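Subject: Handing over the structure

Hello,

Here is the structure I promised to pass on. Please open it first, then read my notes below.

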There are 2 protein chains.
Amino acid sequence: MLDKPAAALTLKHLMLSSDETYMRLALDEARAAAARDEVPIGAVLVDTPRDAILARAGNHAIGLHDPTAHAEILAIRAAAGALGNYRLNGCTLYVTLEPCAMCAGAISFARLARVVFAAEDPKGGGVLHGGRFFDQPTCHHRPEIASGVLGEEAAALLRDFFAARR
Amino acid sequence: MLDKPAAALTLKHLMLSSDETYMRLALDEARAAAARDEVPIGAVLVDTPRDAILARAGNHAIGLHDPTAHAEILAIRAAAGALGNYRLNGCTLYVTLEPCAMCAGAISFARLARVVFAAEDPKGGGVLHGGRFFDQPTCHHRPEIASGVLGEEAAALLRDFFAARR
């Protein structure tokens with residue numbers, strides 16, 4: 001029995017809360033990646049209409065001997081495999097760093113509805129930087145994009161990881 | 001005991017001949033993909049210093065329930081897995097169509113020395129079209145690129161495949 005402004009506020013709060021909740025799980029995956037000496041980036045793939053987690057993963061290129069094993073690619077492959085469908089319509093990907101060109105391509109091919117990322121990546125990003133894949137005429141499915149969710153926490157994780165290795 | 005111009009000609013001929021030989025194998029993989037109702041694109045990954053094939057693959061996204069299962073990605077993953085190394089320094093990828101943004105990213109991360117492709121892809125390519133990944137400051141390893149090797153044959157295969165499905 002809320003009046004309209006309060007209801008709107010509550011809905012906005014719930015949406016932000018849900019994005020943050022899933023991004024915290026992605027940050028857990030990033031920390032798990034760091035613990036095995038991989039670049040600390042994590043991802044969680046959510047079937048948004050059902051509010052169900054389909055897959056979660058962290059970067060694993062070195063350990064898996066797979067240069068494509070970015071968190072996003074692993075999460076997308078696992079989710080598509082679990083659903084038995086190479087398209088993930090309606091799903092949202094949460095990832096702690098702006099996806100690169102490779103991952104942006106995979107996101108588009110998988111038909112993800114939405115991508116939420118934490119920190120921007122001026123050096124290697126492919127969404128807001130570089131070839132900006134989703135803005136190209138060669139991109140045939142563009143997801144909704146949101147950025148900056150827990151961005152400072154994700155950036156600090158990467159900074160600390162590389163500082164410790166210098 | 002060849003004089004210099006003749007030796008240079010012979011060397012050039014041998015290099016072209018080798019590119020065509022590997023591209024013919026990539027075209028075989030493309031035809032095998034078409035036979036299982038996947039987009040007919042094929043790839044062969046060669047350890048060029050040893051002149052040895054490390055992997056060959058055709059598109060398999062639908063059948064494997066994997067939106068990332070382009071021929072290039074499958075060949076790179078298989079070769080890296082076989083070598084136990086996420087970097088494929090010195091290797092050459094032969095592929096029947098200009099790689100997309102996703103595959104260009106994977107090629108760069110795998111540190112491939114050279115990419116040879118057959119047909120150009122104005123609608124979905126990411127090397128000569130779209131975001132031209134290898135020309136971006138966000139690309140940190142650029143392979144040598146050659147295009148047009150058996151290009152008409154590769155383009156005809158794709159044209160026939162889509163014409164039969166219309």
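A residue counts as buried here when its relative accessible area is under 20%. Keep that cut-off in mind for what follows. Note also that this is a predicted model.

**Helix α2 of chain A**

By that cut-off, the buried residues of α2(A) are A71(A), E72(A), I73(A), L74(A), A75(A), I76(A), A79(A) and A80(A). What covers them? The cover includes β1, β2, β3 and α3 of chain A. The helix spans residues 71–83, which makes 13 residues. From first C-alpha to last, α2(A) reaches 18 Å, close to the 18 Å expected at 1.5 Å a residue. G84(A) follows the helix, and its phi is positive, near 65°.

**Chain A as a whole**

Chain A holds 4 helices and 5 strands. Along the sequence they read α-β-β-α-β-α-β-β-α. The chain has 166 residues, and 52% of them are buried. Now take the contacts in chain A with a separation of 6 or more: 58% of these join residues 24 or more positions apart.

Look next at β4(A), residues 114–119. How many of its 6 residues are buried? The count is 6 of 6, so the strand is largely enclosed by the rest of the structure.

β4(A) pairs with β3(A), residues 91–97, in parallel through 5 bridges. Within that pairing, Y94(A) has V116(A) as its bridge partner. β4(A) also pairs with β5(A), residues 144–147. That pairing is parallel too, over 4 bridges. Here F117(A) stands opposite S147(A).

**The nonpolar core**

In soluble globular proteins, nonpolar side chains tend to be buried together. In this model, the largest nonpolar core has 104 residues. Which residues have the most contacts inside it? They are L45, L88 and L112 of chain A, and L45, L88 and L112 of chain B.

L112(A) is worth a click. Leaving out residues up to four places away in sequence, L112(A) touches L45(A), I76(A), L88(A), C91(A), L93(A), I107(A), H141(A) and P143(A). Two names on that list, L45(A) and L88(A), are also among the core residues with the most contacts. Another, I76(A), is one of the buried residues of α2(A).

**The two copies**

How do chains A and B relate? A rotation of 180°, with 0.0 Å of shift along its axis, superposes chain A on chain B. The RMSD is 0.0 Å. The copies are thus related as by a two-fold rotation axis. They meet through the same surface, because 100% of the interface residues of chain A are interface residues in chain B as well.

**Two loop residues to check**

D37(A) is not a glycine, yet its phi is positive, near 65°. D37(A) sits in the loop between α1 (4–35) and β1 of chain A. Its relative accessibility is 48%, so D37(A) counts as partly exposed.

In chain B, look at D51(B). Its phi is also positive, about 50°, and D51(B) is not a glycine. The loop that holds D51(B) lies between β1 (42–47) and β2 (52–58) of chain B.

Best wishes

Terms used: Residues numbered from 1 in each chain as written. Chains lettered and ligands numbered in written order. Predicted model: local features only at pLDDT ≥ 70, side-chain atom pairs only at ≥ 80, totals over all residues. Heavy atoms only, no water. Buried < 20%, exposed > 50% of the residue type's maximum accessible area, 1.4 Å probe, protein only. Pairing = 2+ DSSP bridges. Core = buried A, V, L, I, M, F, W, Y, C linked by side-chain atoms within 4.5 Å. Contact = heavy atoms within 4.5 Å. Least-squares fit on C-alpha atoms with pLDDT ≥ 70 in both. Expected span 1.5 Å × (residues − 1).
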